[in-house]
Amino acid sequence: MINQDVLVIGAGAAGSTAAFHLAKAGHKVTLLEKNSSNLIKPCGGGMAAAVQKWFPFDLMPIVDEVIKQVDFSWCLTDPVIAELPGSSPFWIVQREKLDLFITSQAINAGAKLLKPFKVTQLERNGQFWRVTSEDGHQLQAKAVVIADGSKSPWPKALGLGPAKEHYAFTTSVRLEGRGNMKKGISRFEFGLVKHGFAWAFPLNDGVNVGIGSFIGQHAINSNSILEKILPNLGFSPNAGKRQDALLRIWNGHSPLNGNGIVLVGDAASLCDPFLAEGLRPALMSGYEAALSLNNWLIGESENLNDYTNSIQFKWGNSMAWGKKIAQVFYRFPQVGYQIGIKRPTAPKRIAEILSGEIGYGDIAKRVIKRLFLQRA
Ligand SMILES: Cc1cc2nc3c(=O)[nH]c(=O)nc-3n(C[C@H](O)[C@H](O)[C@H](O)COP(=O)(O)OP(=O)(O)OC[C@H]3O[C@@H](n4cnc5c(N)ncnc54)[C@H](O)[C@@H]3O)c2cc1C
């Protein structure tokens, strides 16, 4: 059996980032990916440009669109326009291109990629972690990064992550052509989706349209919503292939590490419970996990607890407020739209959230107070 320093399960945004940084630090890293082909991955692809700080290479080659303006609507009327200040604060990417790009950087840095390699067993074997693939191949390593996304069975099996997992219901459509979407503008629609919102993000030669519902565990009637939204964007009501996905979202502070093992990205339930922003925390957690694992592997720290602590401090504290905002906003969305989105200062705040300049904690108390006062 081949021994590695680190095995990374899943070559998505989080896993490929961890693999890149660990390989760059000189560790023997193998990235295990179950899919052999590069399928279209369900994702809006909206990402704060601030993620660039976690990479020494330029991400611009895989950015399809730089967003300068965000248009909001309530049932496709009552528009609000938010100009995004500063230089290119919000990008749109195709998730499969992003994953492939970072994976190729990890390989250039010395990581090995095995695919298809679907991990079906994970267990402790003395000083090592041992993984087994669907077809019986086994590998061992001192450490494992769990980066296999929203369906990961390992957090529960290992007693890590939130005690109760929470999911958003999503449907996404990748459309060919731009319809009537203008360059540099993305759209958010509240009002048509129960407990959530719809988005339309422009790509080079297409549009990502999607729907997410965040509270209450009810599947959404996405076809009837898309039949209203798509013509408004200049497409036929039944255009594009639909993909449904359950997205694991943040649901409380929780341990994200064990002995030589860490959870990252969706497997760690890091996705924003209000706006479904999961790429930034996936990339951040991949980076932070690599830092922590490097220190542990070279004997500078005794355990990986600093990883859990840094994610709580840098991301979880903001998500705790994001969850509270979601619970109030999506229960009273019309009030939320009027006083949360239509306030004169709201576009600036929204822009700052989308670009990662501020967290939910910076606005939450005021927003929740206003929503409750309005309901009283
Ligand atoms: C419809 C939709 C829209 C979204 N829109 C946005 C958005 O606009 N902006 C944003 O920031 N976030 C968005 N997100 C969230 C974002 O896509 C995710 O949070 C992000 O992709 C998480 O990355 P990850 O690397 O943790 O997981 P994933 O990208 O899911 O990667 C997991 C990888 O692990 C592999 N894998 C799974 N099981 C195994 C196994 N057993 N063995 C080996 N490999 C395995 C998978 O094939 C995959 O490659 C959206 C999500 C959805 C569903």
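A: Searching the whole structure gives 19 aromatic pairs. Rings of Phe, Tyr and Trp (its six-membered ring) pair if their centres lie within 6.5 Å; planes under 30 degrees apart count as stacked, over 60 as edge-to-face and the rest as tilted. In one of them, Phe-188 with Phe-197, the centres are 5.5 Å apart and the planes at 35°, so the pair is tilted. This is a predicted model, in which local features need pLDDT of at least 70 and side-chain atom pairs count only at pLDDT 80 or more, while totals for chains, interfaces and linings use all residues. Residues are numbered from 1 along each chain as its sequence is written, and side-chain values use heavy atoms, with hydrogens and water left out.

Q: Is Phe-197 buried or exposed?

A: Phe-197 is buried, at a relative accessible area of 1%; buried means under 20%, exposed over 50% and partly exposed in between, with a 1.4 Å probe and protein chains only.

Q: With which residue does Phe-188 form an edge-to-face pair?

A: With Phe-201, at 5.6 Å centre to centre and 65° between the planes. Phe-188 lies in strand β13 and Phe-201 in strand β14, so the pair ties together parts 13 residues apart in sequence. Strands (E, at least two residues) are DSSP runs, numbered from the N terminus.

Q: How many bridges join β14 to β15?

A: Seven bridges join these antiparallel strands; two strands pair if DSSP finds at least two bridges between them. Phe-201 stands opposite Asn-208 in β15.

Terms used. Helices (H or I, at least four residues) and strands (E, at least two) are DSSP runs, numbered from the N terminus.
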